[in-house]
Structure formats: structure tokens, C-alpha cells
Amino acid sequence: MTSRIPRDSRLRLVRPRPLAAAPRAMNQRPSRRPAPRPPEGTPAPAELARMARSGLAAAARVARWADAALGPGRDSATADGKATLSGATAERAADELGLTPAQVRADWDTARLAGLVEVHGDSARPGWRLRAWDRDDSAVLRGWVALFDAWSLAYPEPEDHEPAAVAEVVSAMPQALSFLQLSAGPVPVEQLLDLLEQRVTELRTARCEIPYGPQPETVAEPEPTDAPLAPLLDWALRALASVGALTYGDGQATLTPLGSWAVWVKLEQICVAAQSPAGNIEQGAEDMLRGCAQLRPNAARAEYRAWLAARPVGSAVTELLGAARGEDALLRGLAFEALRVVGAPAEPDVHAVLDEPTLRPYALLWLAEHDGADPEDAHEVLTREEATWLWVDTAAAVADHGEAPLLVRHLESAVQPTIPMLLDEVRAVGHPRTVQVLVALAAAHPDPALAKAVRRAAFQVHTGGS
């Protein structure tokens, strides 16, 4: 009896799937929930990017000057190990750019906060956003949002105020910004001050602050907080105005189009976190990734953004790479998908794992895409051996979490043109899950002859035969 199933062992040559083919394959259904749209009247992304480029033009100019004048092999731009400009460098830049040293230092600090300059140890180098500044609107907007997030660092703190009081105002300002965004127009400073006082009181109540020392028997009326909070609100509004988030004057404040858009972005992130059905934002990286495994790609990326927004970037990247080092190949792929959301701040840590065989193919693809390669072409940075290792790792993710037809279709992403060549190279690459992957593939494939060849290969790997 002959099988009606074709036994041609040649693989159909197709473009290899991008990183984390397994999670994407298991999430092929299109998202039914349309992406949220910004409020009516919000400029298009290209116009927002133009505004951001205009506002950060001085910072970009100083960053480009440093790139040209202080590149590798030249004098260091910094002197204190903290990426602040040395006096001599600031004077030189001021002379060449027609600025004052104080302006140069201010623009340098802005460039650091916006990611146009990146600090690595005791040195600074041009950031990825500077390289993409003229061609990538999304990089420009991410840089501006990074500056917006750091507004409290962009303007000198008021003197003669306790750090705790300053921290309270910084914690309370998101509510004031939300109110400004919802108002969609000028808001009197007195109204913002009332709102700030209420929010600070809520923060203090949540901490159950009770004054020390003997208390009077009668409860006195709470003292008004206008005196300490008014100058702090003035500082906060001036700081936000300095980064271009709002305009401030004549006793009122108004969000700029960029500021309104950024606040809307932050509110959307909070909504995603609040609506997370599994509470992934509160989980560690591994549990968060497992919770995202069955989400559609867009929903998973939104979950990654919410999770990242709730913790410091450095510790979040460390957690994600720790999850990627585990035995679950699916989590490995998802961890690097989450690192794509992190972007440039993750680059040094991703570079650092290139020497780890388990993570090297993922890291190479991440770095290639980060440097501007098309995701469909990023696989070209892999050697044949690395591509085969990644194929096995992705197959392991499909075998553990997917369905048999997906594993069969995964054959199409192999770089080898025939089944015998694939099996030979899979056996040679030495992936720890090779036997399990081949056994699962043999059980899933409908062609008996091909399944027999795959089972034989699995047996040979298992026994160490040839």
C-alpha cells in the first residue's frame, strides 16, 4: 500500500521568521480591540515629532558636536565619571557653537535626559536616538517622552525646601497633569494648587503620618498648606515648561500639544495596567511573561509597556534577561520581545549576553533590529549554526506550548533546503532540547517516511550514534 501523502523531503525555501516565531505563531488571530486613538485635535505623529525636534534642537546640536569633536581617540568629554562636561570641554564647545558655557552644560544635560547621549560607566557616547534623529519620528518622540518623564531633573530644585516635600509634589503632579489634559485649555494656578494640596494630603494620609510629640487634647484645624506648596507648584510648572510640556504665565497653565499627547500616552499605560486580567504588572518577569504568552501581539506589547512603566528600567532589564536564561524557550523569545519595548536603555545589557550561547542568537537579532535592520532581514546577522540553534529553540517553544500543525509549519523557517541537511545540522548544533524537538516533530508530521527519518535522527542523538 502506498501513501497518498507526498514524500518529497525538500524543504520549501521561505524567508525565516523573525525572532520569537513560536509566540507569534500561537497568537496569529488579529486583535479585535482597535488601538486607542488620541484625543480629537491631537496633531499627527509626524507633526508631534517636528515639534519635538524643534524643542530639542539645541540639545541635538551639542550632542552632534560632542560626537564629532570628542569621538573615540579624542579627549574625553567628561571628567567626573558622571557624564557631566569638564570645564575645558564646555568652554571649547561654547567657543565653537557660539554659546555660553552655561548654555552648553544645560543642553548637554537635556541631551542626556532625552537619550541623545548615553552614559556608559565613566564615559558618554552618542545615543541611538541621535543616530536616528532625522529619519525616525518614533525615536524622536520616545526621546521627548524620556525628557518629559525626567522633568523634575531638568530644572533646578527650589532652595530651602525639604527633599520630602519636593518628592511629594513630584508624586502628586501626574494628577495635576491629567486635570490639565482633560481640561484641554488654560487652567488657573489657584485651581491647580487646590488639586495639589488635596493630592499631597492623600499621600500623607496613605502613609499614616502622625506628628511626633505631645498632641493637644482638642483637634485643631489643619493649617493651610498654601505657603509651602505654592512655591513648589511654581517650580514644578516652570520645570514642565522648560521641557516643553506646558506654557505657564499670567496665573495659568496650558498643556502644549506635545504635553497633552504625552499625558494621554501615560494615562493609556495606566489603563492597560489597571485592566490586566491576570494582574501581570505586579508579577515578576517570568510570571508576567507567562501571563502574556496567550495574549495577541499588540496586547502583549501593551502589557510589557505597563509592566516596564511600574519599575526602574535597569532592574526590569535584569529580570527579563534572568527569565530568558531559564529552560522555557517560549519565555526566552517573549523576554526579548519585551526588551524590544525597552529599546535603547537595554542595549548595554543585551551586548553583555552575546557570550552566552543560549542567548546569543536572540541578542544578535535584537541588536540588528535596534540598529535599524528590517526584522525580516535581521536573521542575516546569524551564522548557519546560530540560525539552526535558534530554529531548535523556537521549535522547543512550539512543542511545549503550541499545537502539532504549528510545529510542522515551523519546518518552513529552517535555513536548510532539505530535510536530511536540516537533521544533520540540528544534530551537530548540540541544543539540549534536540531529542524532544525531533520526537515531537516526528509525532506531528503526517508523512510516514519523513517522520521515520526524524525519529531515527532523534534516536541517534539520544544514543550518541551517527
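Which residue stands opposite Gln252 in S5? I began with this question in the predicted model, and I found that Pro188 is the residue facing Gln252 there.

Sheet. Taken together, I have an open sheet of 3 strands in the order S3-S5-S4, with antiparallel pairing. Its edge strands are S3 (187-188) and S4, each of which pairs on one side only. Against this sheet I see helix H8 (residues 163-183) packing, where H8 touches S3, S4 and S5 and its direction makes about 75° with that of S5.

Hairpin. I looked up the turn next: the hairpin of S4 and S5 has 2 residues between the strands, and Asp250 takes a positive phi near 55° in it. For Gly249 I recorded Gln252 as the bridge partner in S5.

Cores. I listed the largest nonpolar core at 67 residues, and I noted that those with the most contacts inside it are Leu116, Trp144, Met173 and Trp261. A second, separate core has 64 residues, including Ala285, Leu382, Ala387 and Ala395. For Met173, leaving aside neighbours within four places in sequence, I found contacts with Trp151, Leu196, Leu233, Ala236, Leu237 and Leu240.

Helix H18. I checked residues 384-401, which form H18, and its 18 residues reach 26 Å from the first C-alpha to the last, close to the 26 Å expected at 1.5 Å a residue. I also noted that H18 is mostly covered, with 13 of its 18 residues buried.

How values were computed: Residues numbered from 1 in each chain as written. Predicted model: local features only at pLDDT ≥ 70, side-chain atom pairs only at ≥ 80, totals over all residues. Heavy atoms only, no water. Core = buried A, V, L, I, M, F, W, Y, C linked by side-chain atoms within 4.5 Å. Buried < 20%, exposed > 50% of the residue type's maximum accessible area, 1.4 Å probe, protein only. Contact = heavy atoms within 4.5 Å. Helix = DSSP H or I, 4+ residues; strand = E, 2+ residues; numbered from the N terminus. Expected span 1.5 Å × (residues − 1). Pairing = 2+ DSSP bridges. Axes fitted to C-alpha atoms, helices over the stretch in contact; angles between N-to-C directions.
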